[in-house]
Amino acid sequence: MSVRDEIEQFIRENFIFGEVALAPETSFVEGGILDSTSVLELVSFLEERFGIGVEPDEINLENMDSLSRVEAYVLRKQAVAKA
Amino acid sequence: MCGIAGMVDREGSRPPRRDELARMIACVEHRGPDGFGLRLDPPAGLAHARLSIIDIAGGSQPLANEDGSVWITYNGEVYNYVELRPLLEAKGHRFRTRSDTEVLVHAYEEWGDAFVERCNGNFALALWDAPRRRLLLARDRLGIRPLYWAEHDGRLLFASEIKALFAAGLPARIDPVGLDQCFVLWTTFAPRTVAAGVNELPPGHLLVVDEGRPPRVVRYWDVPAPPPADALITDERRAAAELRALLEDSVLLRLRADVPVGAYLSGGLDSTAATALVRAITDTPLETYSVAFADREYDERAEQELAVRALGTRHHQVEVTYEDIASAFPRVVELAEKPMLRTAPVPLYLLAQLVRSHGTKVVLTGEGADEVFGGYDIFKETKIRQWWARRPESRMRPALLRRLYPFAPGANDRAVAFFEAFYREGIERPDDPAFSHRPTWRNGARNRAFYGVALAAAVTAHDPQEEALAVLGPALAGRSPLARAEYLEFKLFLAGHLLASQGDRMSLGHGVEGRYPFLDYRIVEFGQRLHPSLKLRGLAEKWLLRRAVADLLPAPVLERRKRPYTAPNVRSFLAGPGREMAEEMLSPAALADHGLFDPARVAGLTAKAFAGRPLGERENMAFVGILSAQLLARAWRRGAGGELAADAARFPLRELADETAAARQAPARDAERTGPR
């Protein structure tokens with residue numbers, strides 16, 4: 001499963017609870033999918049599953065507000081870790 | 001306090017029957033267990049369940065005027081009946097009782113429908129004017145007492161609670177649009193209810209049912225718009241004195257009763273102020289009552305004890321556990337007759353039980369002060385968001401919201417960007433009449449995702465936000481952002497939730513009458529004339545109220561910041577019998593059975609909840625909202641299947657007092673009466 005698919009599955013199972021179309025660019029905030037409680041759950045998942053460390057100032061809309069943004073963020077962090 | 005019910009046969013084909021009225025009134029017996037009465041006067045029939053508070057010997061209802069031509073069934077208290085009575089006596093009206101009820105009959109005779117404008121109190125009443133074959137329903141200005149009506153099979157039915165309409169044969173069906181309103185706006189919005197075909201008479205309105213004409217809903221009062229800026233009250237010292245005088249008079253009026261009056265004492269400013277005013281103007285011993293929570297996160301015992309010590313009342317407390325909340329929840333929903341997104345009404349139901357167990361029937365409470373004097377966080381939030389809207393790119397302006405909600409998730413932890421994003425909703429439209437409520441409503445609307453296919457289809461053409469604005473918009477037009485937020489709170493949260501699901505229904509579930517000194521209409525009107533800085537000074541709430549009662553309250557109470565009243569939500573249903581009940585009601589089978597919600601989605605939510613994982617605010621609201629809707633659907637189905645009739649059998653058909661009614665009818669027309677009809 002790709003990084004994006006894993007993130008999508010986590011989001012679906014934990015915040016959406018169903019088979020709704022989720023476009024890569026759909027805003028989690030606009031769509032009511034993530035709020036200030038659930039975003040911390042997402043962060044814990046990312047840290048555990050992808051072995052990255054999320055800094056407090058990285059929990060922002062630029063990094064966390066859509067599937068593609070979260071995916072890009074995770075890939076970026078992984079690349080930095082490997083480098 | 002009381003319950004009322006009745007009907008008018010509009011087509012002359014199905015006159016009301018005694019057993020039908022008995023069944024209807026049996027459904028609201030909890031509101032008035034002290035006596036029953038009915039009056040059959042085809043085409044009309046009126047019924048009454050009584051909680052005796054004023055004129056215990058003489059106040060039985062239904063009650064008539066001198067010649068038996070005008071009959072009333074009435075729930076409420078019109079406190080200024082003492083002042084109205086001599087005016088009516090001077091016009092020649094003769095009284096047989098000391099009751100406020102009889103004053104209303106004569107007031108109607110004397111002043112016609114406009115008599116309600118002279119009434120200060122809370123009421124829901126029905127008057128049958130036999131010579132004119134005319135039914136008049138009236139409801140108090142702010143909606144303290146409930147009143148519902150429906151047209152069914154050629155009859156117009158009315159009652160204090162919806163369940164009594166079902167007992168008269170109206171099919172018990174959920175109105176999807178009403179249900180949707182509850183999820184988005186937190187309450188239905190009058191005239192709509194969660195019961196298909198049932199209308200709520202809006203607060204401050206009459207229903208006029210003239211023979212041969214369609215029923216007419218007529219407004220007689222509304223929360224007035226503030227005057228122009230240069231006419232607002234700004235002199236703090238004079239305003240505080242004026243408010244103090246009003247408050248003392250309001251409390252004094254609300255102590256009028258022939259039974260002892262107690263008070264709720266939450267430890268907050270409002271209930272402590274109401275209690276302190278009682279102590280200041282009377283020397284009768286005072287019993288006070290409060291809720292404590294086993295879960296210390298919600299508990300305010302320390303604050304309550306401080307207030308009790310300072311005011312010297314005899315205090316009683318009920319400690320509420322998760323299990324208490326879960327086990328009372330089904331009954332609470334049945335009484336509230338609408339879904340609720342929070343469990344907060346439940347402790348109030350348990351508190352009323354405590355009050356009743358001490359023999360008290362009447363309590364003063366602090367409701368309304370937040371609406372009248374600028375107490376709610378949503379007002380501060382609106383102020384901050386309006387300021388933010390002027391510079392949406394500012395990082396400093398939204399940071400004030402974190403000071404407002406320091407304990408909210410995200411406010412002071414890593415998720416602050418998401419915390420602020422919530423309040424950004426609608427920031428680009430500061431002139432939106434519902435600017436203040438958009439984040440809340442939008443958040444509620446997100447839970448529509450849990451609707452099943454049929455419910456989603458039924459509400460797809462409706463937007464509760466726009467429908468509320470279609471009705472309230474004209475009144476909002478001339479108001480400032482703060483005044484708009486206040487008006488929406490009066491019309492939606494106060495009338496639809498605080499006074500109803502959390503107020504009248506909970507206290508009268510145990511035959512306890514709540515009285516609301518801050519909701520005296522003179523105080524509400526006074527509040528609308530105050531300059532905003534006398535309400536919110538910076539972000540300090542209820543500025544003027546604090547000054548008006550400063551000499552009566554201990555300093556810690558006076559200086560305490562408002563703490564919103566809440567109760568444990570999902571965590572009440574995670575163990576024991578409460579969990580079993582929730583698991584059963586939220587099972588795929590039960591969900592499919594009622595056909596309201598999407599079983600797969602709800603299963604995801606319940607799995608998360610029952611695993612003990614943290615739920616966000618909105619998920620808590622979804623859980624409690626769906627559970628309560630399921631409980632309501634089940635209760636109504638049972639009712640439709642005959643359980644309500646069984647209920648009537650459970651309350652044996654007492655010898656209802658129409659013998660007395662016949663006796664009362666006897667006196668000949670009073671020749672000396674000169675007032676016009």
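Student: How many residues lie between strand 6 and strand 7 of chain B in their hairpin?
Tutor: Four residues separate the two strands, and B:Arg133 in the turn has a positive phi of about 45 degrees. Strands here are DSSP runs of E with at least two residues, helices are runs of H or I with at least four, and both are numbered from the N terminus.

Student: What is the model, and how is it numbered?
Tutor: It is a predicted model, where local features need pLDDT of at least 70 and side-chain atom pairs count only at pLDDT 80 or more, while totals for chains, interfaces and linings use all residues. Residues are numbered from 1 along each chain as its sequence is written, chains are lettered from A and ligands numbered from 1 in the order in which they are written, and side-chain values use heavy atoms, leaving out hydrogens and water.

Student: Why is strand 6 of chain B called largely enclosed?
Tutor: Nine of its nine residues (121-129) are buried, so the rest of the structure largely encloses it. Buried means under 20% relative accessible area, exposed over 50%, and partly exposed in between (1.4 Å probe, protein chains only). Both faces of strand 6 of chain B are covered, with buried residues including B:Leu125 on one side and B:Trp128 on the other.

Student: New topic. How many aromatic pairs are there over all chains?
Tutor: The count is 19. Rings of Phe, Tyr and Trp (its six-membered ring) pair if their centres lie within 6.5 Å; planes under 30 degrees apart are stacked, over 60 edge-to-face, and the rest tilted.

Student: What sort of pair do A:Phe17 and B:Phe450 form?
Tutor: A tilted one, at 6.0 Å centre to centre with 35 degrees between the planes. The pair crosses between chains, and A:Phe17 and B:Phe450 are both buried.

Student: Why is B:Phe166 with B:Trp636 edge-to-face?
Tutor: Their planes are at 75 degrees, with centres 5.1 Å apart, so the pair is edge-to-face. B:Phe166 in helix 4 and B:Trp636 in helix 25 of chain B are 470 residues apart.

How values were computed. Pairing = 2+ DSSP bridges.
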